[in-house]
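This report describes selected features of the model shown below. Each section treats one topic.

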2 protein chains.
Amino acid sequence: MSKLKPNANHKAKDLNLEDIAREAGVSRATVSRVINNEAYVSEETRQRVQEVIEKLGYTPNIRGRILATGRTNIIGVVIPQSLATVFDDQFYFPTLLNGVAQAANQRNYAMLLWIQESSTDEERFYERILKNHLMDGVLLASTQQDNPFIPRLLDMGIPLAMVEHPHQWADRVNFVTVDNQAAACVATKHLYQQGRRKIGHITGALNNIDGIKRLEGYKQALAELGIPYRDEFVFEGNFESRSGYKGMRALLEAHVDAVFCANDQMAVGALKALDELGVRVPGDIAIVGFDDLPTSERNKLTTIHQPIHTKGAQVTHLLLDQIEGVSDGARHALLETHLVIRETCGASITRRA
Amino acid sequence: MSKLKPNANHKAKDLNLEDIAREAGVSRATVSRVINNEAYVSEETRQRVQEVIEKLGYTPNIRGRILATGRTNIIGVVIPQSLATVFDDQFYFPTLLNGVAQAANQRNYAMLLWIQESSTDEERFYERILKNHLMDGVLLASTQQDNPFIPRLLDMGIPLAMVEHPHQWADRVNFVTVDNQAAACVATKHLYQQGRRKIGHITGALNNIDGIKRLEGYKQALAELGIPYRDEFVFEGNFESRSGYKGMRALLEAHVDAVFCANDQMAVGALKALDELGVRVPGDIAIVGFDDLPTSERNKLTTIHQPIHTKGAQVTHLLLDQIEGVSDGARHALLETHLVIRETCGASITRRA
DNA sequence: TTTCAAAATGGTAACGTTTTCATCATAATC
DNA sequence: GATTATGATGAAAACGTTACCATTTTGAAA
C-alpha cells in the first residue's frame, strides 16, 4: 500500500535503559537485572538503581522487550462464529470474555480479540498474526466440528486452548468444558421425577458438540429410566429461539408432557408457542432448558446452570500455564453444572443436583 | 520443517530479511523496500525478490517491525464499566465490538480488548500498556462523566476516540454518538401524537451523558408541545430493568397515560409491572423505549433504534484516521436514529422518523 | 562529450531490550 | 598462601526490522 505519513504527534523521547544506567552509574545489563528482579545484583546497587528509576519515572519499553524475549504477553481470543451467532446468544461471549479478562489481567497478559466477521478475515488472521508471533497463545472459542485452525496452530507449535471439546484433537489441546451429557441426563431425569413419562427433546444444532452431547444425555437418561426412545419425541433444532418455537408445536402433535430444550433460547421459543396455544406450563407441559441465561430467572425457567465466567478464567489459566512452560498443553477440566429449579418444571423447591 | 515430537516446542528458526537478501542477491534494504511496496526498486529486482519470498515462504517478523517503526497496528478497546454493566446490557457491547472488529480488520489493525474487572486493573492498564506504546490508539467505551483516562491519554498524545460524548474534552477527542436528545424528543412527541397528554419519563442513570440527554429531550418535547413539566411524572431510574419496574409503579400513582423509558431494559421492567397490575398496554398506558434491543421486537416495544454496529465501525475509522495522520484527532459524527413503531404505543403502522 | 538529476541499491545506524560471556573482586576451602 | 567457588558487574552480541545517507548506475538534456 502507500506509505503512511509519520505521526504528527511530537512525542517526547522516552527514557531508556541507557539513561537509567548512566544516571545510576552502572551498565544497562545491571539495570535490566534490577527491573526483572534477577539475582547477582548487590543490595546496594539494586537500591540505587531502583531510586533512579523512580526518580525519573522510567518504565521499560515493551517493544524492545518483545523483540529481545520473543514473548509479547498477549493472548489471542478467536471467535470464528458467524456474526449471527455472536448476536444470538448475547450472554455467553461477554461473560466468557469477562472471565478470560479476569485471569489474563491477573497474570499480566493482554487479550487480542479476533472476531471473524468475514471469511477473508480468517486467512488474514493466519497470515498476519500467527506467523508473526504476535501472540503467545490462542484461545479458540469455537464449537464448530471441524475448525481448520486447530491443526494449523498445532503444527506451528502455538499454545492453544479451547472452551469446547476439541473432537479428535482432545489429546493435544487444553480445554475446559462442562459435562453436557451428564447435565442433560440430570435435566431429563428431573422431568421424570416430576411424574412426566412422555418427555420430548428439542435438540441444539447437531453439527455442534454441545448439541450432540445434550442429545446423548437425553438418550442416556431414557435408557437408564427404562423408557423407550421415540423418534417423534425429538425435534432437531439449532439453538435459536425460533427453532424452539417450531419444535414445540411439532412435539405437541406427538403429545409429549414435558420437553427438555437444549438451550434456554429455544426454551423461550417453546414457552412462547405454548402461551399462544393456551397450553398451561407446567400444568400441561413441563419445560427444562440449558444455560441459565439472566433472562431465565425472569421467565421462571428451570434450567441447567453452567459457570461461564469461571470457564473463561479457567481456560485462560490452562493456556497461560502452557505458555509459561508449566504444562505441556494437553490438560483439561470438566466444570460442574447444576440444575436450577424454577416454575416451568412443576417442582416447587430449589435445590442443587 | 521436521517436527517429529509434537510437544517438543522446538521452533525452526524463522527466516529473516537477511536470508531473503542473500538468496536473491540483494541487500536487506532492498528486500524491505519490496515488502513494503516502496519506490526505487527496479521491476526486475522486485520480481526476483518476490519470487524468493514466495519460494521460501517468508513473512516479515512483526516484532522487529514494531520496534523499528514504533507502530504496532493494534488499537486498544477499553471498557471501564463495571462488570455489572457489561452483564446488564448484553447487546450493546458485543454489537459495538463487532462493528469495531469489522473496521479494524478491514484496515489491518488488531484490537486489544481491555475489560477492567477490578480497580487495580485501571492503574495497571495505564502503567503497563500505555506507557509502553503497545497500542497505536485507544477506543474508550465509557459513559462515565469523569473518566480519569481522558486527560492522561491526551497528555501523552495517544490517539483517542470515544463512543459517547466526551464532555469537556469534546474539542480534543474523536467521538461518534447518536443524537440522544433529538431522539428522545421524537419519542416523546410520538406519544403526544397518539393522543397522550400525561406523559411520564423513567430516566436513565443521571451521571451518564445518555441519561441526561434523553431527559433533556423529554423536556424539550414537552416545552415545544406546550405541556408543563411535572416533577411527579419523572422517575429517576438507572437503566436497569428493576428500576423500570419500580418507576412504573411510582408513575402509576401519578396517573400518567404514557411513559417514555430511557432504555428498553427499563421498558421491559415497566411492562412487567403493568402486566402484573393488569393495566392494559397500550389501552391504558402507552410505552416507548430506547435502544431497540433484539428482544424488543418480541416484546412488541415501540422504541428508538440506534445503529450500534455502525457506531463501532465509524468510531474506529475516526481513530485510525488520526493514527495514520489523516486527521488531527478532533473529528466527530452524529449518527441518525429512527423510531420503530410497534404495538406498545398505540400506533398501528411502522414508519421512520 | 559533458553534465546532472533521478532511479536503484547497499551499508549501517537506529529501535530498546535481554542474554551470553568474560572479567574481576571477594569469600570460602584446602 | 594457593585454590576454588561464587557473587557482582560490564561489554557486546543478539533480536529483525525500518530509516537514513552515501554511492553507483542510468538516461536524457545541454
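## Helix α10 of chain A

Helix α10 of chain A covers residues 209-225, and at 1.5 Å a residue its 17 residues should span 24 Å; the end C-alpha atoms are 24 Å apart, so the two values agree. The expected span is 1.5 Å times one less than the number of residues. Helices (H or I, at least four residues) and strands (E, at least two) are DSSP runs numbered from the N terminus. This is a predicted model, in which local features need pLDDT of at least 70 and side-chain atom pairs count only at pLDDT 80 or more, while totals for chains, interfaces and linings use all residues. Residues are numbered from 1 along each chain as its sequence is written, chains are lettered from A and ligands numbered from 1 in the order in which they are written, and side-chain values use heavy atoms, with hydrogens and water left out.

The buried residues of α10(A) are Ile209(A), Asp210(A), Gly211(A), Arg214(A), Leu215(A), Gly217(A), Tyr218(A), Ala221(A) and Leu222(A). Buried means under 20% relative accessible area, exposed over 50%, and partly exposed in between (1.4 Å probe, protein chains only). An α-helix has 3.6 residues a turn, so residues three or four places apart point the same way. The cover over the buried residues of α10(A) includes α9 (180-193), β6 (199-203), β7 (234-236) and β8 of chain A. At the N-terminal end, Asn208(A) caps α10(A), with a side-chain oxygen 2.6 Å from the backbone nitrogen of Asp210(A). Just after α10(A), Gly226(A) has a positive phi of about 75°.

## Relation between the chains

Two copies of a chain are related by a rotation about an axis and a shift along it. Chain B is superposed on chain A by a rotation of 180° with 0.1 Å of shift along the axis, at an RMSD of 0.1 Å. This is the relation of a two-fold axis. The superposition is by least squares on the C-alpha atoms of residues with pLDDT of at least 70 in both copies.

Leu112(B) is the residue of chain B that comes closest to the rotation axis, with its C-alpha at 2.2 Å. Of the interface residues of chain B, 88% are also interface residues in chain A, so the copies meet through the same surface. Contact means heavy atoms within 4.5 Å.

## Surface near DNA strand C

DNA strand C is surrounded by 28 residues, of which Leu17(A), Ser32(A), Tyr58(A), Thr30(B) and Thr45(B) are the closest. A residue is near a strand if one of its heavy atoms lies within 4 Å of it. Sugar or phosphate accounts for 62% of the atoms of DNA strand C within 4 Å of the protein, and bases for the rest.

Phosphate oxygens of DNA strand C lie 3.0 Å from a polar side-chain atom of Asn36(A), 2.6 Å from one of Tyr58(A), and 3.0 Å from a side-chain N or O atom of Arg65(A). The elements giving two or more residues to this surface are α2 and α4 of chain A, together with α2 and α4 of chain B. By class, the surface near DNA strand C has eleven nonpolar, eleven polar and six charged residues. Here Ala, Val, Leu, Ile, Met, Phe, Trp, Tyr, Cys and Pro count as nonpolar, Asp, Glu, Lys and Arg as charged, and the others, Gly among them, as polar.

Among the 28 residues around DNA strand D, Ser27(A), Thr30(A), Thr45(A), Ser32(B) and Tyr58(B) come nearest. Of the atoms of DNA strand D within 4 Å of the protein, 65% belong to sugar and phosphate.

A base nitrogen of DNA strand D lies 3.4 Å from a backbone N or O atom of Gly64(B). Two or more residues each are given to the surface near DNA strand D by α2 (28-35) and α4 (62-69) of chain A and by α2 (28-35) and α4 (62-69) of chain B.

## Backbone features in loops

The peptide bond from Val281(A) to Pro282(A) is cis, with omega near 5°. Pro282(A) belongs to the loop between α12 (264-277) and β9 (286-288) of chain A. In chain B, the bond from Val281(B) to Pro282(B) is likewise cis, with omega near 5°.

His255(A) is not a glycine, yet has a positive phi of about 60°. His255(A) lies in the loop between α11 (241-253) and β8 (258-261) of chain A and is exposed, with a relative accessible area of 54%.

Notes:
Polar contact = N/O pair within 3.5 Å; in protein donor to acceptor, adjacent residues only side chain to side chain.
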